[in-house]
Amino acid sequence: MRGAAPESAEVDRLPGWVTLLRAPNPGPMTLDGTNTWILRAPGADVAAVVDPGPLDEGHLRRIAEFGPFQFILITHGHHDHVEGADRLSELLGGTAVLAADPAYCRNGDPLDPFESLGGNGLEISVVDTPGHTSDSVSFLVECGDDRAMFTGDTILGRGTTVVAHPDGDLGAYLDSLELLSAYPEVLMLPGHGPARADTAERARFYLDHRRERLAQVAAAMAAGAETPAAVVDLVYPDIDPGVRFAAEWSAAAQLDYLRRKRMTP
């Protein structure tokens, strides 16, 4: 993937209040596996979890060893992030699962955009970032003088994410990237891939990439490509057959976005 802006640097050392447990589910769509994040302020009695990941008993028991937890937070409803949430809550004796979509909540209310979840040395703000999915949120977490943005699949640590039409919406996604570009020098902790030093730089990199891709799709449409498959043939000629389906999802979102834009006065 190339863009007009440079990528922000990868980060090898995490803040002391953040622990990464990577789920054993590597693959073309999950990179090295789903990143489960454990957040515990220095001296705090309880922690928080972001994205427990798949229903893998070993992984969930590893998470549980870091308890007790105030709540289990979900960035979005894809199974590689939320599938293990119910089982983890059970292992922990009923810890609340909080998500934007009430279908994934347990023992707690759905998250509201820009809601603040305080206490135990952490200030957690819910940032509404739809687009990858309609229910995608990010979490801005402050611990002392540190700030970190947990971006789920809205921005990855490596490569680009899929906007899976029709639940995913490219217009909303571009707005979410614009929103995240307002957080310079904030550590970015994604749902997959390595941590990045600067949320805003990574968001701008994604925006540049999306704009370049939209220009390519618009040119493909002008050349007669009117279906996702036809767009992929022209714009992604070297696509790995194993992930072609994902490219077609993104192409469908791009076509929908450009058609709607063309119809707007």
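Tutor: In this predicted model, H5 and helix H6 (residues 228-235) pack at an angle of about 110°, with their axes 10 Å apart. Axes are lines fitted to C-alpha atoms, for helices over the stretch in contact, and angles run from 0 to 180 degrees between N-to-C directions. Helices (H or I, at least four residues) are DSSP runs, numbered from the N terminus.

Student: So what do we call the arrangement of H5 and H6?

Tutor: Roughly perpendicular, because the angle falls in the class from 65 to 115 degrees.

Student: And which hand is the crossing of H5 and H6?

Tutor: Right-handed, meaning that the near helix is turned clockwise from the far one by less than a right angle.

Student: Switching to pockets: what volume has the largest pocket?

Tutor: About 740 Å³, as the space filled by probe spheres set on the grid points, which are joined across faces, edges and corners. A pocket here is an open set of points on a 1 Å grid over the protein atoms alone, where a 1.4 Å probe fits, with protein on both sides within 12 Å along at least five of seven lines; lining residues have an atom within 4 Å of a point.

Student: Which helix gives the most to the lining?

Tutor: H7, with six residues.

Note on methods:
Residues numbered from 1 in each chain as written. Predicted model: local features only at pLDDT ≥ 70, side-chain atom pairs only at ≥ 80, totals over all residues. Heavy atoms only, no water. Helix = DSSP H or I, 4+ residues; strand = E, 2+ residues; numbered from the N terminus. Parallel < 35°, antiparallel > 145°, perpendicular 65-115°, else oblique.
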